[in-house]
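Good morning, and thank you for the time on today's agenda.

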Amino acid sequence: MLICRPNSHPFNNRTLYLEPGAQAKVGRSVARVRVSENNAIFDCKVLSRNHAVLWYKDGRFFIKDTGSSNGTFINNFRLSQTCSESEPYEISSGDIVQFGVDVMENTRRETHGCITATLKLFLPDGRETKASQKVGIGGQSAIIPPVDLYRLNQYIQEANQREQILETKLISLQKMVESTKQNSFLGWQAMIDEDRLLSRIDMLEKKLQYCQKNITEDKLHDELMKLVHEKEEYQNAAKEAMYKLHQERHEAVHKQISLEKALCTSEDECSLLREQLNKTKQQLQEMTICMDTLKNQYDEKVASSEEQLKAK
């Protein structure tokens, strides 16, 4: 029997019938395998689909982690590392088994609880198995109550959760302090810039008042004419620069066209030279063949002449 503990992920108590040699699977509920009162399938997110197995053999009960992600614990003892299969571990009635660990989602800040249950194991004749014992210091046997171990485990988990929450709050506070520092610096900079801007505006207003008092209409007209003249000179200079750029562009286009023509002419000349080279090679081959033929004929004639001379 798997009896639900108070701070476990809620589930109905389970009664498993373990046949000798058969294994009962522990895992997460999926479409093909649903939760039932006579199996060890749980609707719990922290469990793996194939989390662990239970079996009965030769009057003893065993459990094995089958490579789960969040582990299997017996009386706060983890059977194997993450995603590693454990060795068979003998269990007894009264042991506290924990499948997985509590997992907190950072996005939703929601904690998904693990499956924690008290084991009640009965032999085929109806007798309950004896409670497990642990070996103490110096080899002396000492019975450690599973409830105490479970409470200690829960205290450690709660302390870890509080530590994680405090770390999250500390990080948030640090971010708030940094943001406050940055905003204070920006505000102080904005105040300085505002003071500078006001000083600049005040100085410009004083200059404007001074100009209004000391500058007459004739001077103002002369200044305007001077600005108009400078504007015309600038426009003329810009037009000349634009005209020069246009001429340079036009010359560059002509040069490009002439270069393209020269390139085409060079390519045509290269093609003609290649054709002439091929023809010359072919003629040389033909002449070589002719020379070989003449040489053979000459050799034959010399040989025949020598034979005639020897015959005489």
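Let us begin with the second largest pocket, which has 14 residues in its lining. Those nearest its centre are V101, D102, Q157, N160 and Q161. Please bear in mind that what we are viewing is a predicted model. The volume of this second largest pocket is about 230 Å³.

Which elements supply its lining with at least two residues each? They are β10, covering 103-105, and α1, covering 146-214. Of the elements, α1 contributes the most, with 6 residues. As for the classes of residue, this lining holds 8 polar, 5 nonpolar and 1 charged.

I turn now to the largest pocket, which holds about 330 Å³ of space. Its lining is made up of 17 residues, and M1, L16, L18, F61 and F122 are the closest to its centre. In this lining, 14 residues are nonpolar, 1 is polar and 2 are charged.

My next topic is aromatic rings. A pair of such rings is described by how far apart the centres are and by the angle of the planes. The model has 4 aromatic pairs. One of them joins W55 and F62: the ring centres are 5.7 Å apart and the planes meet at 20°, so this pair counts as stacked, the cut-off being under 30 degrees. Are these two residues buried or exposed? Both W55 and F62 are buried.

Finally, salt bridges. Side chains of opposite charge can pair when their charged atoms come close.

K64 sits in strand β5 (residues 60-65), whereas E85 is in the loop between β7 (77-78) and β8 (89-91), so the bridge ties together parts 21 residues apart in sequence. The two partners also fall into separate classes of accessibility. K64 has a relative accessibility of 18% and therefore counts as buried, while E85, at 54%, counts as exposed.

Another salt bridge links E128 to K120, with 3.7 Å between the closest N and O atoms. E128 is partly exposed, its relative accessible area being 38%. K120 is likewise partly exposed, at 29%.

The last one I shall show brings us back to α1, where E158 and R162 are 4 residues apart, which means that about one helical turn separates them. Their closest N and O atoms are 3.8 Å apart, and the two form a salt bridge. R162, with a relative accessible area of 52%, is exposed.

That concludes my presentation. Thank you for your attention.

Definitions and conventions:
Residues numbered from 1 in each chain as written. Predicted model: local features only at pLDDT ≥ 70, side-chain atom pairs only at ≥ 80, totals over all residues. Heavy atoms only, no water. 1 Å grid on protein atoms, 1.4 Å probe; cavity = no way out; pocket = protein on both sides within 12 Å on 5 of 7 lines; lining within 4 Å. Points joined across faces, edges and corners; volume = space filled by probe spheres on them. Nonpolar A, V, L, I, M, F, W, Y, C, P; charged D, E, K, R; others polar. Phe/Tyr/Trp six-rings, centres within 6.5 Å; stacked < 30°, edge-to-face > 60°. Buried < 20%, exposed > 50% of the residue type's maximum accessible area, 1.4 Å probe, protein only. Salt bridge = Lys/Arg side-chain N within 4 Å of Asp/Glu carboxyl O.
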